[in-house]
Amino acid sequence: MTNVPILKIEHLGHAYGKFQVINDISLEIPKGELTALIGPNGAGKTTFYNVVSGRFPPSKGKVFFDGQEITGRPAHKIVPLGMLRSFQITNIFPELSVRENVLIPLLLQHRRGYTFFRPLSREKQLYQKADEVLSKIGILEYGDKPARELAYGDKRLVEMAIVLARKPKLVLLDEPTAGMNPEETERMILLIKELAERFGTTFFLTEHDMKVVFSIAKQIFVLHQGGLLATGTPEEIRASPQVREAYLGGGTIKC
Ligand SMILES: Nc1ncnc2c1ncn2[C@@H]1O[C@H](COP(=O)(O)OP(=O)(O)OP(=O)(O)O)[C@@H](O)[C@H]1O
Ligand SMILES: [Mg+2]
């Protein structure tokens, strides 16, 4: 099964009412390959992630995850298979500590309710796991801090820790560096690269900053007006006249 793509999409479509937002998208992502989905504002990138990850059912087409068809399954049935995602807007519990933010999905995964009164020793293993992930991401020192006290870039790293704690096979990252300053962006890129190399996690990310995309992705898909406009290596995409036309003649790029 090693050659089975981690994600295979066949003729995927989704409409909001009569408005066809994504249309006839087919693509494959090999295991372990760092891949990017780019496209002007409103091209349908977030919608595509929402449909692939089970937030909305597709109106057409099929989704296969690691060789298994998952078309139309809701997100809570897809997550346990090993596909996780982050959101365009940071999604953490601000009042909980950084460690608790990571601990909650681990407790849920192990089907234990979360209670602050449970003796610490019984949850020791899960605390250790949470701390391992925080250390891997480089934010262990913030473990006891309420998440709201962190800088924006560090909050996004907490979100990454929450996702990685569940040991996903595929992570969909919707604009992981949005709103970050240049140093935070650099740190996030290095982290994604390192995680992909060291742990074999497959990352599929959307990104508006072309510098980030070209420095990180092995394969790029370009979405334009809901359809797949081009597929290729960074060099091929950079040289593509259709892609230039889509960006220069169509929408704008946030960067
Ligand atoms: N819930 C919704 N109901 C109706 N239309 C929507 C909904 N969500 C998004 N759209 C529309 O679908 C189109 C695609 O939006 P989407 O958010 O998927 O684009 P995107 O490529 O992620 O854009 P951005 O780069 O700005 O994040 C847009 O025209 C948007 O206005
Ligand atoms: Mg979006």
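This is a predicted model: local features need pLDDT of at least 70, side-chain atom pairs count only at pLDDT 80 or more; totals for chains, interfaces and linings use all residues.
## Overall build

The protein chain contains nine helices and 10 strands. Its C-alpha trace spans about 60 × 40 × 35 Å along the principal axes.

The radius of gyration is 19 Å. A compact globule of 255 residues would have a value near 18 Å, so the chain agrees with that expectation.

## Burial and contacts

Of the 255 residues in the protein chain, 36% are buried. A residue counts as buried here if 20 or more other C-beta atoms lie within 10 Å of its own.

Contacts between residues at least 6 apart in sequence were also sorted by separation. In 69% of these contacts, the partners are at least 24 apart.

Domain 1 supplies 11 residues to the contact, and domain 2 supplies eight residues. On the domain 1 side, helix α6 (residues 182-199) gives the most, with five residues.

The residues on the side of domain 1 that touches domain 2 comprise seven nonpolar, two polar and two charged.

Technical notes: Residues are numbered from 1 along each chain as its sequence is written. Chains are lettered from A and ligands numbered from 1 in the order in which they are written. Helices (H or I, at least four residues) and strands (E, at least two) are DSSP runs, numbered from the N terminus. The radius of gyration is taken over C-alpha atoms; the globule rule is 2.2 Å times the number of residues to the power 0.38. A residue is buried if 20 or more other C-beta atoms lie within 10 Å of its own, exposed if 12 or fewer, and partly exposed in between; C-beta atoms are placed from the backbone. Two residues are in contact if their C-beta atoms, placed from the backbone, lie within 7 Å. Ala, Val, Leu, Ile, Met, Phe, Trp, Tyr, Cys and Pro count as nonpolar, Asp, Glu, Lys and Arg as charged, and the others, Gly among them, as polar.
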